[in-house]
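The sequence and the model are shown first, and the description follows.

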Amino acid sequence: MGWLLIFYTVPSRPVSNRMRIWRRLSKIGAVQLKGAVYILPYNEGNYEFCQWVVSEVSSMGGEGTFVKIKTIETMKEAEIINLFNSQREMDYHNISKGLEDLGRKIESIRKGGRTKDARIFHEEHGRYEKEFKEIRKIDFFSSKAGSTLEKRLKELYGKIRGISGIAPKEKGIAIVLKNIRDYRNRIWVTRKRPFVDRMASAWLIKRFIDKNAQIKFIDERDMKGLDKDLVTFDIQEGEFTHAADMCTFEVLLKSFNIKDRTLKKIAEIVHEIDIRDDRYKNPETIGIEDILTGIRKVTIDDQEALEKGMSLFEMLYASKT
């Protein structure tokens with residue numbers, strides 16, 4: 001399996017810097033071992049996150065590093081996994097309490113209850129479901145608490161629909177349509193160490209949006225000083241990046257109103273590898289992720305890795321058309 005240990009120290013002032021690192025560690029699902037030592041299960045996404053943490057700590061005047069290890073001599077693997085599951089159980093606690101209250105409200109209404117009550121319940125259920133999905137992303141070992149909560153969410157959803165027979169309205173995501181002519185012969189920039197979403201998005205850009213596009217890499221912290229003529233993608237606060245539950249590849253498709261059934265299928269694969277929310281069940285996903293992971297491991301140069309990744313998506317597209 002493998003683990004990532006993160007070690008860091010930051011100056012005590014300002015306190016906001018320390019809180020910023022802590023929040024990011026918490027959001028990614030890291031568990032504190034001792035003091036300022038955190039642990040994550042090894043995968044490419046977590047490895048990339050560790051690089052970000054070390055870079056961010058350094059910019060704050062602190063010191064940080066991380067290591068990849070196979071075992072911790074003083075702890076069994078099951079004990080480490082239990083640390084993660086226990087942390088996720090605490091994360092799920094507030095949702096669990098909220099669902100208990102919601103369940104009591106639902107039970108207090110007989111069939112044929114007021115429609116407005118059902119709509120309120122739908123909205124409340126939707127908030128809890130959204131929170132659950134965010135935590136589920138970092139529930140690395142599929143904790144029992146998470147499985148139990150997921151069943152409870154489905155059960156309450158069924159009861160809410162039974163009250164009035166209505167389904168919740170899905171909120172649309174406002175994506176501004178772009179004119180493809182405004183994005184020709186441009187320089188597109190993204191984060192270093194490309195993986196699935198950046199590789200797929202770069203291929204989409206050069207294949208369907210800007211055939212003469214130049215793809216360059218930057219550090220995320222250099223975003224503020226960028227030339228305004230550059231087009232940023234799959235980078236924090238970029239022009240084209242994740243929006244709600246959509247990956248960058250999906251955002252690009254919507255932004256340029258690209259209608260292509262094959263691209264839609266590829267988007268599902270990219271979404272599942274990048275976001276891991278179990279929305280799409282595609283048997284090809286695991287194999288494609290393995291190949292992309294192999295590309296990252298055997299190539300040091302970012303541009304070379306990107307070219308190989310784009311070649312994979314070109315072949316994937318050809319195989320489905």
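A residue is called buried when its relative accessible area is under 20%, exposed when that value is over 50%, and partly exposed in between, using a 1.4 Å probe and the protein chains only. The structure is a predicted model, in which local features need pLDDT of at least 70, side-chain atom pairs count only at pLDDT 80 or more, and totals for chains, interfaces and linings use all residues. Residues are numbered from 1 along each chain as its sequence is written, and side-chain values use heavy atoms, with hydrogens and water left out.

**Overall form**

The protein contains 10 helices and seven strands; helices (H or I, at least four residues) and strands (E, at least two) are DSSP runs numbered from the N terminus. Its C-alpha trace spans about 65 × 55 × 40 Å along the principal axes. Of the 321 residues, 42% count as buried. The accessible surface comes to about 18600 Å², and carbon and sulfur atoms account for 49% of that surface; such areas come from the Shrake-Rupley method with a 1.4 Å probe, and for residues only the protein chains shown count as cover. A contact means heavy atoms within 4.5 Å. Among contacts between residues at least 6 apart in sequence, 73% join residues at least 24 apart.

**Salt bridges**

A salt bridge is a side-chain nitrogen of Lys or Arg within 4 Å of a carboxyl oxygen of Asp or Glu.

| Arg-136 | Asp-139 | 3.0 Å |

Asp-139 counts as buried because its relative accessibility is 6%, while Arg-136 is partly exposed at 21%. Arg-152 and Glu-155 are three residues apart in helix α5 (residues 144-164), so about one helical turn separates them. Glu-155 is partly exposed, with 39% relative accessibility, and Arg-152 is partly exposed at 27%.

**Around Arg-193**

Which residues does Asp-302 touch, not counting residues up to four places away in sequence? They are Lys-192, Arg-193, Pro-194 and Phe-217. Asp-302 lies in helix α10 (residues 302-320). Asp-302 is buried yet has no salt bridge, and the nearest side chain of opposite charge, that of Arg-193, is 5.2 Å away; here Lys and Arg count as positive and Asp and Glu as negative, while His and the chain ends are not counted. The side chain of Asp-302 does reach the backbone nitrogen of Arg-193 at 3.2 Å.

Arg-193 is also in contact with Gln-51, as is Phe-66, leaving aside neighbours of Gln-51 within four places in sequence. Gln-51 is in helix α2 (residues 44-59) and is partly exposed, at 29% relative accessibility.

Methods
A polar contact is a pair of N or O atoms within 3.5 Å; within protein, one must be able to donate a hydrogen and the other to accept it, and residues adjacent in sequence count only if both atoms are side-chain atoms.
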